[in-house]
Amino acid sequence: MASDTHMDPMDLKVKELLKEAQLDYSPATTKRIDDVVSSIKEAINKIPEDLKVTADVAPGFVRDIGADKVDFKFKKPKSIEIGGSYSYRCVAKPDVNIDLFVRLPKECFLEKDYLNYRYHAKRFLYLCIMKKYLKYSSFAQKVEWCTFQNEARKPILVVYPAMELFDIPGFSIRIIPTATSLFSVSKLKLERHNLRGLYQVSERPQDGVLQATPMYNSSILEDMFVEDHAEFIGKTFSGWKELGEALVLLKVWARQRSSIYAHDCLSGYLISVIMAHLATKAGRNNINNSMSVMEIFRVTLTFIATSKSWADGLFIKPRGKKVISKEKRTYDSFADFNMAFRVSKTASLELADEATLALRCIDTCNDGGFDEIFMTKVDFPAKFDYCVRLNLRGNAEIYASGFCLDDECWRLYEQKVLSLVQRGLGDRVKFVRVMWRNCASECNIEEGLSMFDREPVLIGVSISSIKEAFKELVVGPVAENKDEALEFQKFWGDKAELRVLRDTIRECTYWQCDPMEKHLIMKRITEYVLLRHLALSKENIMHVVDQLDFSLLQANKDPTSSVKSLLDAFDVLSKRLRVLNDIPLKISSVQPLDSAFRCTSVCPPQSHPLAYESSVGMRIKKLGPAPACIQPLEVMIQLEGSGNWPMDDVAIEKTKSAFLLRIGESLQKQWGMSFTATEDDVDVFLSGYAFRLRILHERSLSLSKRQSGSDPVKRVSSTDKDLFIRGQHSSMINGLRGSYPLYGPVTRLAKRWVAAHLFSSSLAEEAIEFLRLLSDYDWTYSALIVDINGDLTKDDEKGINENFLSSRKAYGEDASNVNPAMFLATSYDKASEVWTRSSPSSSELRRLAAYARSSSNLLTKLILHDQLDSFRWECLFRTPLNNYDAVILLHRDKLPYPQRLLFPSELNQGRQVVRGNASKTFSPFISCGNTKGSLEELKDRLLVDFEPLRCFIEELEKEFPDMFKLWYDSLGGDAIGLTWGRNGLKVFNRSSYFLLLQTHDGLNPDPPVFLPCQKRGRVDIGEEEREVLDALKTVGEIGKGFVRSVHLLKAPRLE
């Protein structure tokens, strides 16, 4: 234990991860596994010899692979041995699979059974006989089919032991046939043609040379060499603890990335082969006994990222074998077999990319990138920028030429789709992945292979750049090049057109769309290409691109479309402020603070017809209904230096107010700009927007500069501290958005999700702009360090970690109520004092993480499996109101911005305590056309920063500080959730006889009933319930005219 305290944090975390991921190889565990294996062997050995096996055992399978001459007499296996990761103690949980190699007897095969799928047919028929006897064994809970490396023509058996015999979750035995020495290896050279019935007589090539069948040949060679491979790997790993642990880590890394842990990419078996190769002379001994676990891990990743083996083939030379030149190869050993024959070109590109990213994380991320590499799940939807799902169930075109040619029809279709998408998208993409998993766990393969189309085809696209992805014009060949132009026209059909570009006439396609719909260009191209070249209907193509757009639209329009006019208005304001010369101190800088300026606001304000300068003439009758409220946008200004500022904080703020009034008057005088002033704020109106001016006192900046090296925010006044931090944050996010254009829309979606699930009070808007991995991050034991610009030094990171540890030590072993629960550190806030100091609390964070996990799982399901149901996508933003103890519903027509409401809230559960009428004193719209007043009178009716929800929440928190917790949507929701606070329960009598009973269905419940626990037959309302109802009635009184109804769903728990 003492040695652990001196370990590197990365090594310590790796040590703990290995404890979780490695299988327990205790004598008790190994005995139970050996007992199960022995039972399987006994069951197989009981199969009678010379049992006649014909195609009738599995007629559909034999028919679909096109095999002939498949009859044989059953003989017992030559050997049954444990192989795979378990044999060299490198199983990685949670997938505990034990591979059992069953060597097929040579007596069941003829010399030429390598031809025409005879081997595959007999292999499967042999397994069918074994399944028949295994599934009735007492030790087997169930026996199912599975595909070996997703290859339908090579099924394997999976035996799940009975639960009373084995209690390891997910444990199974995979029975894998081997074909050691069945055929002459020279007959299976990659250039040979072994499917004599592949062509009809009329289809044979004119030169008489038949096409080679490398994939078919490799499929058989794999079974022939699998035992040799296992022996080679086992000898390499035997007694080498660090090598085995590194293999487990690589499996964990790969499994977290579902798109590379796939049939055409990596598998645990292939990783072990690569590592064994690197540990031999043929692999230049890149891995040696002096290396640590993480050094071996890194060397293997470097090989994966840089090796040419994926293109040239991965050939493993066993120890002690002579090197044979290419010209003299005899194909007598597995040194001539390409271990990576299944790895596709696009998969190898993605694999190299992922390995490169992992190496970069090791070098640049905290704790050697442990969280990023091992704990972060990067599934198919998270990996790719653009996903498409094809439903091909029952599509006969796929196997029209046969299920199994040289390669299987599903793999050929993958290649066809890949070729079409790559050609259609061209330079827009970095790489494209097409995956079609063949799942057969509950299928009866004996009846044939047609059931393998049940899973959808997944297409993943990583874009090369936003600029390329959003371009509207596809430029083709010069029209004078007839062959290329004809090919272009053939591919694009009626979308092809001639255009004059730079004095040349070229073939082109043009995908015109509105500026705010450019993210749909790739969808339109992909859909057009797939419909044109494949036998698909539009309903069978599901693009994951615009399903969540509804959450960011207002009146079917994206509000960010007006950001340009907002930025133009800010530029005008900034210039006018800088040239003001009739104020005591000149304005030296102007900086926007509001998230609308950095395109991360969910609902940026729209230009208001009553917020223009007096010089802009308007006819009132043409205005129509206008919003009664306008949202101000904060702008920070700094004045030139002066030594005449007062020293007292209150006096400083009063001086700032005087300056702001003077600035407003000057703007009005020189440019006719209207402004409003309160004791705290001055808002100026320009080009339809309201700008709230704030002054950052220069003394705070000079102080922070003198104190460089320490945290500057601790030594300035609260107001200046807030402005200083927000200015730093705004600059940082602006720079980030400039580098990553999609950051803005993604952040807006995240903010909308947080608000829609009533977490507005739990998470600051600025904190959301920094967040990642909300559902999975270990907030209790890890600080989230955000260093966008690389400003933090090693000493800074050390100081942050010390601050984090000190914040946790104060709570001892009680980690359930730490503060801050979410430690978020930046270059300007190394102690997490700004955005997450007071919220979320530990309980709020747990609730937030649970909601995030649920939404993440639903989103993944919708992308990968679900149907085209818009309501299911909306569920990502529909929060279940029955998760609260009480619910307040608001009048929707009294919300200041009703157009921002996503879904109207209704509640048919619980007991309605209050029902109120809407106020007649406020309307969210001003009817300009019917008024008899002047334009100035209309402007006076404009409400700046009017938020009735915020005022209502403040009043409730003041009236009930401990009784309940409020959950709400600050972006325009019409529901407020209440949960009873722990301190609030003290108002209830612990000796109460009464409990609130909830109805069983929750759909049309009766009013809640309060029954005595001990006195049967008596129905009464207790004092405790009266206090609850009185409190909720008070809530209704406070929100009179704004509250529509109050519902009690659950009474407080009695202590």
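**View 1. The side chains of Asp 99 and Arg 174 meet in a salt bridge, at 2.8 Å from N to O.** The model is predicted: local features need pLDDT of at least 70 and side-chain atom pairs count only at pLDDT 80 or more, while totals for chains, interfaces and linings use all residues. Residues are numbered from 1 along each chain as its sequence is written, and side-chain values use heavy atoms, with hydrogens and water left out. The pair links distant parts of the chain, 75 residues apart, with Asp 99 in strand E4 and Arg 174 in strand E7 (residues 172-178). A salt bridge is a side-chain nitrogen of Lys or Arg within 4 Å of a carboxyl oxygen of Asp or Glu. The structure holds 61 salt bridges. Helices (H or I, at least four residues) and strands (E, at least two) are DSSP runs, numbered from the N terminus.

**View 2. Five strands form an open, mixed sheet in the order E3-E4-E7-E6-E5.** Strand E3 (79-83) and strand E5 (140-148) are at the edges and have a single partner strand each, so one side of each is left without a neighbour in the sheet. Neighbouring strands are turned by 30° against each other on average, direction ignored; axes are lines fitted to C-alpha atoms, for helices over the stretch in contact, and angles run from 0 to 180 degrees between N-to-C directions. Seven bridges pair E4 with E7 in the parallel sense, and Arg 174 in E7 is the bridge partner of Asp 99. Two strands pair if DSSP finds at least two bridges between them.

**View 3. The loop between strand E4 (97-103) and helix H5 (118-134) contains Lys 112.** Lys 112 forms a positive surface patch with Lys 69, Lys 187 and Arg 196. Patches are made of residues with over 30% relative accessible area and no salt bridge, like charges being joined within 9 Å and nonpolar side chains (Val, Leu, Ile, Met, Phe, Trp, Tyr) within 5 Å. Accessible areas come from the Shrake-Rupley method with a 1.4 Å probe; for residues, only the protein chains shown count as cover. Lys and Arg count as positive and Asp and Glu as negative, with His and the chain ends not counted; the place of a charge is NZ of Lys, CZ of Arg, CG of Asp or CD of Glu. Tyr 117 is also in the loop between E4 and H5, and its phi is positive, near 65°.

View 4. Pro 94 is in the loop between helix H4 (84-87) and E4. Pro 820 is in the loop between helix H24 (794-809) and strand E23 (824-825).

**View 5. Strand E19 runs antiparallel to strand E20 (residues 682-686), with three bridges joining them.** Thr 676 has Asp 683 in E20 as its bridge partner.
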